[in-house]
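I am opening a notebook page for a structure that is new to me, and I will write down what I look up as I go.

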Amino acid sequence: MTSISAAATHILAVLPPGKLPLWMLFVSSLGIFNSVQNLFTNKLTKQVYAGRPEQVTPLAARLFATWTWSVSMIRIYAAFHLQEKL
């Protein structure tokens, strides 16, 4: 347990100052959870699209998972590199 808290402390120390990087990491963690969930089951995804749950196929769930995972990785990168200009 101490190694997890040490890793979290290190990550928070490396982040740029402010609340935006923390928010981006939080949103990214939710996106990663959603991606993993979509790879294994369609149950929660069908609740999101409750109006037309029959359109949530395994292919649509995997596509949604891939998209969400990609965007989460971009958010994590951006959280650590907010001050860099392209």
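Is Ile-4 buried or exposed? I noted that Ile-4 counts as exposed because its relative accessibility is 57%, where buried means under 20% relative accessible area, exposed over 50% and partly exposed in between, with a 1.4 Å probe and protein chains only. Ile-4 lies in helix H1, residues 2–14, helices being DSSP runs (H or I) of at least four residues, numbered from the N terminus.

Before going on, I recorded that this is a predicted model, in which local features need pLDDT of at least 70 and side-chain atom pairs count only at pLDDT 80 or more, while totals for chains, interfaces and linings use all residues. Residues are numbered from 1 along each chain as its sequence is written, and side-chain values use heavy atoms, leaving out hydrogens and water.

Next I looked up residues 20–40, which an unreviewed UniProt entry annotates as "transmembrane region", an annotation that may be inferred rather than shown by experiment. The span is 100% helix and 0% strand, with its end C-alpha atoms 31 Å apart.

I then compared helix H2 (residues 20–40) with helix H4 (residues 58–80), whose axes, lines fitted to C-alpha atoms over the stretch in contact, come within 8 Å and cross at roughly 160°. H2 and H4 are therefore roughly antiparallel, the word used for angles over 145 degrees.

Last, I found 1 salt bridge in the structure, defined as a side-chain nitrogen of Lys or Arg within 4 Å of a carboxyl oxygen of Asp or Glu. Arg-52 and Glu-54 form it through their side chains, at 3.7 Å from N to O.

Technical notes
Helix = DSSP H or I, 4+ residues; strand = E, 2+ residues; numbered from the N terminus. Axes fitted to C-alpha atoms, helices over the stretch in contact; angles between N-to-C directions. Parallel < 35°, antiparallel > 145°, perpendicular 65-115°, else oblique.
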